[in-house]
Amino acid sequence: MIAARTLFLLAVIFAVSVLYGAKPSIIVKGAVYRHAGVVARELGTGFLRSGKTFYLGRGKDFFAFRAERADFHFNKMSIAGNLPVRKYGDSLYFSAVDVNTILMPLFAPGRSIRRHQVRKIIIDPGHGGFDRGASGKKCVEKRIVLQLAFRTAEILRRCGYTVLLTRKTDYLVPLNRRSQIANNHRGDLFISLHCNASTDRRANGVESYCLTPAGVASTNQKRASSVRLPGNKLDSNNFLLACELQKSILHRTGANDRGVRRGRFAVLRNLNMPGVLLELGFISNPAEESKLASSEYREQLARGIAVGIINYHRKIYGRNK
Ligand SMILES: [Zn+2]
């Protein structure tokens with residue numbers, strides 16, 4: 001049985017390599033890369049080129065990428081890839097980690113996403129107490145995210161979810177305690193709320209972070225880590241949750257899209273459930289600070305987060321459940 005299966009696999013690999021006249025996989029700097037045409041075929045997507053941009057597409061969904069780059073787009077939403085797409089001979093190759101943690105969840109969720117119940121949502125307002133987080137001219141992060149957490153919880157409860165906050169008042173919860181609270185209460189999803197700051201006052205927009213997969217570097221960092229963290233068990237779910245949140249928040253607020261990214265944040269490392277850390281806008285940008293300070297804008301953020309959670313819930317159970 002095993003021999004037959006191995007033979008079949010070898011035959012497929014051989015047929016595919018003859019078909020494309022290229023190696024089905026290569027290894028660059030210790031990382032496995034897979035032929036983009038073979039990946040497209042496995043995912044059941046078309047493979048197109050327009051100028052320097054390539055597309056994997058099916059129905060209304062299009063994944064855009066370029067050779068030697070790791071900044072991808074899915075239906076125009078920005079996604080930070082883990083490793084650049086390699087050009088080898090006349091062919092393009094995706095890193096196996098991007099196939100497994102980005103392309104599979106997007107185009108073949110049934111094969112990569114773990115189904116789980118979504119009843120209890122843990123909302124984690126960042127910072128608190130003497131840790132004010134980012135400060136602008138008139139507001140501080142710890143207060144904005146707490147107000148936002150209350151409003152998001154209210155909306156989610158009305159939709160039938162149970163919601164738990166890691167803090168309800170202005171005190172500091174240590175970082176490792178936050179994921180402990182989530183795990184101890186057997187949460188089904190974990191959403192950490194933050195605001196951003198930069199020395200560049202023009203910087204603005206929303207970022208959604210999921211835990212960096214083992215073996216690669218976090219977005220905007222150079223050093224890879226091979227350590228596999230407990231939260232890495234759910235890489236595909238983490239990514240899908242980040243995508244749904246980012247998409248829905250952008251849709252509600254019209255904020256600048258800074259993309260779905262990867263980070264080894266302390267609050268995401270040890271989670272037993274899918275988790276995402278949201279950077280919901282730059283307090284250092286005067287225009288965005290004014291928005292974050294207004295309850296109308298926070299209402300849109302809260303709705304965006306709630307709808308993102310509902311869409312994720314729908315997606316892992318198919319359309320009707
Ligand atoms: Zn923060």
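**Figure 1. N220 in the loop between β13 and α7.** In this predicted model, N220 belongs to the loop that links strand β13 (206–211) with helix α7 (235–253). The phi angle of N220 is near 70°, a positive value in a residue other than glycine. Counting other C-beta atoms within 10 Å of N220 gives 9. A residue with 12 or fewer such atoms is classed as exposed, and N220 is therefore exposed.

**Figure 2. N75 in the loop between β6 and β7.** The loop shown here, which holds N75, lies between strands β6 (71–74) and β7 (77–80). N75 is a residue other than glycine with a positive phi, near 50°. Is N75 buried, exposed or partly exposed? Within 10 Å there are 13 other C-beta atoms, so N75 is partly exposed. This class falls between exposed, at 12 or fewer such atoms, and buried, at 20 or more.

**Figure 3. The hairpin of β3 and β4.** Strand β3 (residues 46–50) and strand β4 (residues 53–58) run antiparallel and are joined by 5 bridges. Within this pairing, L48 has Y55 of β4 as its bridge partner. The hairpin has 2 residues between the strands, and G51 takes a positive phi near 60°. Strand β3 lies largely in the open, because 0 of its 5 residues are buried.

**Figure 4. The buried side of helix α6.** Helix α6 covers residues 175–184, and its buried residues are R178, S179 and A182. These residues cover an arc of only 85° around the axis, and so they sit on the same side of α6. In general, an α-helix has 3.6 residues a turn, so residues three or four places apart point the same way. Which elements do the buried residues of α6 pack against? They pack against β10 (120–125), β12 (189–196) and α8 (266–269).

**Figure 5. The other face of α6 and the residue R186.** On the face of α6 turned away from its buried side are the exposed residues N176 and N184. R186 follows α6 and has a positive phi, near 50°.

**Figure 6. The contact between domain 1 and domain 2.** The protein is divided into domain 1 (2–112) and domain 2 (120–316). The centres of domain 1 and domain 2, taken over C-alpha atoms, are separated by 29 Å. Where the domains meet, 13 residues of domain 1 are in contact with 18 residues of domain 2. On the side of domain 1 that touches domain 2, at least two residues each come from β7, α3 (96–107) and α4 (109–112). Helix α3 supplies the largest share of this side, 5 residues. By type, the residues of this side of domain 1 are 9 nonpolar, 4 polar and no charged.

**Figure 7. The setting of the close-up views within the whole protein.** The secondary structure consists of 10 helices and 15 strands. Along its principal axes, the C-alpha trace spans about 65 × 45 × 35 Å. Of the 321 residues, 44% are buried. Among contacts between residues at least 6 apart in sequence, 69% join residues at least 24 apart.

How values were computed:
Residues are numbered from 1 along each chain as its sequence is written. This is a predicted model: local features need pLDDT of at least 70, side-chain atom pairs count only at pLDDT 80 or more; totals for chains, interfaces and linings use all residues. Helices (H or I, at least four residues) and strands (E, at least two) are DSSP runs, numbered from the N terminus. Two strands pair if DSSP finds at least two bridges between them. The arc is that of the directions from the helix axis to the C-beta atoms. Two residues are in contact if their C-beta atoms, placed from the backbone, lie within 7 Å. Domain bounds come from an automatic or database domain assignment. Ala, Val, Leu, Ile, Met, Phe, Trp, Tyr, Cys and Pro count as nonpolar, Asp, Glu, Lys and Arg as charged, and the others, Gly among them, as polar.
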